[in-house]
Amino acid sequence: MELRYEDGWLLEMDADAGVYDVYDEKRCLLQQVTGNQRLLLSGNDKRPMLYIRKDKQTFVVKPRALPDTGVVNFRDLGGYVNRDGQQVRYDCFYRSAPLCDLQKEHVEYLQQLHIRHILDLRSDMERKGKEDIHLPEAKYHPISAITFDQEIDVKGSFDFATLLQQVDVTLLKNMMMQVYTKLPFDNPAYRLLVQVVLEEEVPVLFHCSAGKDRTGFGAALLLLLLDVDEETILNDYVLSNQYRKKENAKIYAQVAASQTDVEAVMGVQKQYLRAALQAIKQRYQTYEAYFQAEFGIDETQRKHLKQRYLYPLNM
């Protein structure tokens, strides 16, 4: 199920939706629907919340993308259903591109999210001239998610829009595979992200230069922690292709590279994230062992995290 803006708020259900009731935020019944139907909802709420009642279970639905932030690829990780049928809570985990070049109304909207921590996963070189705006309530953490050496010398920059003009695309793609297989291990940036979540210092926002690779793995990490299945995680990961479409078109117009090459580097492919997940399982066999070894999270702590960041089954 998805709620997005398209000349009004549009609710789309899954193909096998069956019979379901749609309630507003005050739990007032809006309508009962049979089958897969697109519902255009009235109201001027910038980010409405709905309750969907189906088969005696209630699901929460809010828009995943937050375009009013003015930030490319700004998304909420809430709403995904884990293996036990519980949804990830909205308004806890945000992912995006950098918070720069924003208008006053964008900053005002961001302030309304009451973000408590911002993890900037870019390198020092990437931040120069593209610094994040300041949010009064948020503690800012400039902490690069790539601290290991690369086979390709990129001189501290992992801004692929720039690298497209400097490095062969095949080499860039190989570098990305290398990066993904190393991101999960001994990484201070992701340990800080998990620490913030463990200490319940949310909402938290994390981002890199494009909000897709380092950010994409961070999102996968949190969803894995809450026992969301791999296929759902991979599908969330490739949403960056949808939300970066306009931005990537601009890059294509500016660089001397083919559209295919731009999409290969500025987009995401499931094989990249799969490489990271496979690297974890090759080293630790299970995600439980991975979280214990890399983050010190045992099953008791993980159970607590699920209680905190998942909606209960019976709402």
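## Helix α6 and the residue after it

Asp227, which follows α6, has a positive phi, near 65°. Helices here are DSSP runs of H or I with at least four residues, strands are runs of E with at least two, and both are numbered from the N terminus. The model is a predicted one, in which local features need pLDDT of at least 70, side-chain atom pairs count only at pLDDT 80 or more, and totals for chains, interfaces and linings use all residues. Residues are numbered from 1 along each chain as its sequence is written, and side-chain values use heavy atoms, with hydrogens and water left out.

Helix α6 covers residues 214-225 and has 12 residues. From its first C-alpha to its last it reaches 17 Å, close to the expected 16 Å, a value defined as 1.5 Å times one less than the number of residues. Of the 12 residues of α6, 12 are buried, so the helix is largely enclosed by the rest of the structure. Buried means under 20% relative accessible area, exposed over 50%, and partly exposed in between, with a 1.4 Å probe and protein chains only. Among the buried residues are Arg214, Phe217 and Leu225.

## Overall architecture

The protein contains 13 helices and 12 strands. Its radius of gyration is 20 Å, close to the 20 Å that the globule rule gives for 315 residues, so the protein is as compact as a globular protein of that length. The radius is taken over C-alpha atoms, and the rule is 2.2 Å times the number of residues to the power 0.38. Along the principal axes, the C-alpha trace spans about 60 × 45 × 40 Å.

Of the 315 residues, 54% count as buried. Among contacts with a separation of 6 or more, 67% come from residues 24 or more positions apart; a contact means heavy atoms within 4.5 Å.

## Leu110 in helix α1

Leu110 lies in helix α1, residues 104-111, and is buried, with a relative accessible area of 0%. Leaving aside residues up to four places away in sequence, Leu110 touches Thr69, Val71, Phe74, Leu102, Ile133 and Leu135. Its C-alpha is separated by 8.3 Å from that of Asp68, 42 residues apart along the chain.

## Gly18 in a loop

Gly18 is placed in the loop between β2 (9-12) and β3 (19-23). At 33% relative accessibility, Gly18 counts as partly exposed. The C-alpha atoms of Gly18 and Val33 are separated by 8.1 Å, and the two residues are 15 residues apart along the chain.
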